[in-house]
Amino acid sequence: MGDAQTLLETRRHQMFPHLDDHDVARLKRFGEIRHFPNGTLIMKTGEVAPGLVLIEKGEVDVRQGGAISSGAAIVQHGPGHFLGELAQLSDRPALVDAKALGDVEAIVIPARRLRDVLVQEAELGERLMRALILRRVGLLQLGQAGPILIGPLGSADMLRLENFLRRNGHPHRALDSNNDGCAQTLLKRFTIQPEHLPIVLCPGGQILRNPSEADLARCIGLLKPIDPDFVYDTAIVGAGPAGLAAAVYAASEGLSVLVLDCRSFGGQAGASARIENYLGFPTGISGLALMARAYNQAQKFGAEIAIPDEAQLLEDPDHRGYQIKLGNSETVSARSIVLAGGARYRRLDIANLSDFEGTCVHYWASAVETRLCAGQDVVLCGAGNSAGQATVFLAGKVNKLWMVVRGRDLESSMSQYLIDRIRGLPNVEVLLRTEICGLEGSEGSLQRVHWKHRDTGQETSHVVGHVFSFIGAEPNTEWLGASGIHLDGNGFVVTGANGSHALATNCAGIFAVGDIRCGSVKRVAAAVGEGSGVVSAVHAYLAERRAAQEQKAAAE
Ligand SMILES: Cc1cc2nc3c(=O)[nH]c(=O)nc-3n(C[C@H](O)[C@H](O)[C@H](O)COP(=O)(O)OP(=O)(O)OC[C@H]3O[C@@H](n4cnc5c(N)ncnc54)[C@H](O)[C@@H]3O)c2cc1C
């Protein structure tokens, strides 16, 4: 039984709950009654749907849609059931087709009002939110909705696009252009030359040739243009745990919020195979699952999220508000800024490293990477908790894992529970005082890895096709160079100087939270705490600013 089938069997009643007359009466005030004659396509794959559609009379057929789809049936809804999944929470394009079977009468609740339902109707809102999330999980597991990626599996660009969609929780299918008959038929049909691979077939029918993540996101409706005239109460740079926590608290307290992230939601935490020390999750939780909850929660409260959008320049041109210039030439205006850009992985100091990055040298250990190295021998370098988690995760999938550690022990950098677990893994060999000194291979394919003992200089090499690198991180602050914000000698943002708020930078109205901040504890809980806590300082700043403006206006 497939994962999607299992989910359907075990949680059908939560995924497709029946709402009684009392529930329907409560929902009526949030929407409007609409009639859909027999045959109307109420939701069309690739197009923004009118909202959540609660059926009062008639039947609706939901099936896979899009330009290239088998049109397989998903579910049929009748009175008391509703159409919708997470896309309808933020006006993103629908992932399925829904067609009226006979005349249908329904209450249509647009995205903005749906968010009001979730906040104002606590118990009913919980049931709806759970259903929306489970339906998205079902579509992800079904692997039959969303864009179709076609290209050589394991190639750098296929991995780049697959990882982008996976880390942003967007359903998709990846077909191998070398071995998949369906992929080859599609390539012939669209006369695609091998040099244009990978291609993406979007649900709306567009074909993208080796697109950037931003072009793909725009095509599938994940990324929308930013209104240049709107001034947000706060713009948050970074959608890791610190940024998402700030977004949840700021949006739930009525501030207008925009969150920018250049890669995906979840930051480093989203890359963690299993977080076991985050309060409230005694059995542990995958970083992506934890962060997906936070991402949905932020959207529920109305935070706008733009991914992938990179902040490149921060200015205060007229001293009346901040402007962030984005990589795509758009500009964001905001009264206050929360810097939550965290840190990015450090790279190994090996001359030909870039020849293998994206194909055989990995900075994440997820299902995508394990598919490439299952049953093989791999090397992992690093000795922090992230290295430990990745080792535990990978050990169950690979033949042998060499853990290359520069230091004399694991105890000084890794939590004891991970050390104990690693010691119990028969196929993991920990090499202390060791570092990688060479990579051998050709055309992006790694064949052999060399390492040497740091004290004796003794060199060893093995046939290894994949290296996982978890050797720490540096702050994402280069883009702040010209902003006037004080950074410490290592590039971290300095806060709390001269008795100011602990999370305030030297520029009024600009705050820093999480790993990007000098002196922060590099943990998910600490980042979440700072992100939640900064919002009271943002409120205080905005109130002061308003008062000063009113005073000035009165004086003029
Ligand atoms: C593999 C791994 C496993 C871990 N496991 C654990 C664990 O088990 N427990 C624990 O407590 N901690 C763990 N950590 C540490 C924890 O994940 C971090 O401390 C935490 O994620 C920091 O959160 P943050 O929001 O400050 O920054 P980050 O998580 O780094 O997020 C920052 C975000 O900002 C974005 N960004 C950066 N610059 C820009 C820009 N200019 N424009 C737009 N966006 C930008 C990035 O793309 C990123 O998404 C782990 C870290 C890693 C790497």
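Entry 1. I located Arg136 in helix H4, residues 122-142; helices (H or I, at least four residues) and strands (E, at least two) are DSSP runs numbered from the N terminus. The model is predicted, so I note that local features need pLDDT of at least 70 and side-chain atom pairs count only at pLDDT 80 or more, while totals for chains, interfaces and linings use all residues. Residues are numbered from 1 along each chain as its sequence is written, and side-chain values use heavy atoms, with hydrogens and water left out.

Entry 2. I found Arg136 buried, because its relative accessibility is 11% (buried is under 20% relative accessible area, with a 1.4 Å probe and protein chains only). Beyond residues up to four places away in sequence, Arg136 touches Glu85, Leu86, Ala87, Leu95, Gly169, His170 and Pro171 (contact means heavy atoms within 4.5 Å).

Entry 3. I traced an open, parallel sheet of five strands in the order S18-S25-S19-S20-S21 (strands pair if DSSP finds at least two bridges between them). S18 (361-362) and S21 (428-431) are the edges; each has a single partner strand, so one side of each lacks a neighbour in the sheet. S18 pairs with S25 (residues 466-469) over two bridges, and His362 has Phe468 as its bridge partner in S25.

Entry 4. I then examined the largest nonpolar core, which has 79 residues; Val332 is one of those touching the most other members (a core is a set of buried Ala, Val, Leu, Ile, Met, Phe, Trp, Tyr and Cys residues joined through side-chain atoms within 4.5 Å). Helix H13 (residues 524-555) gives the most to this core, nine residues. A second, separate core of 25 residues includes Leu95.

How values were computed:
Buried means under 20% relative accessible area, exposed over 50%, partly exposed in between (1.4 Å probe, protein chains only).
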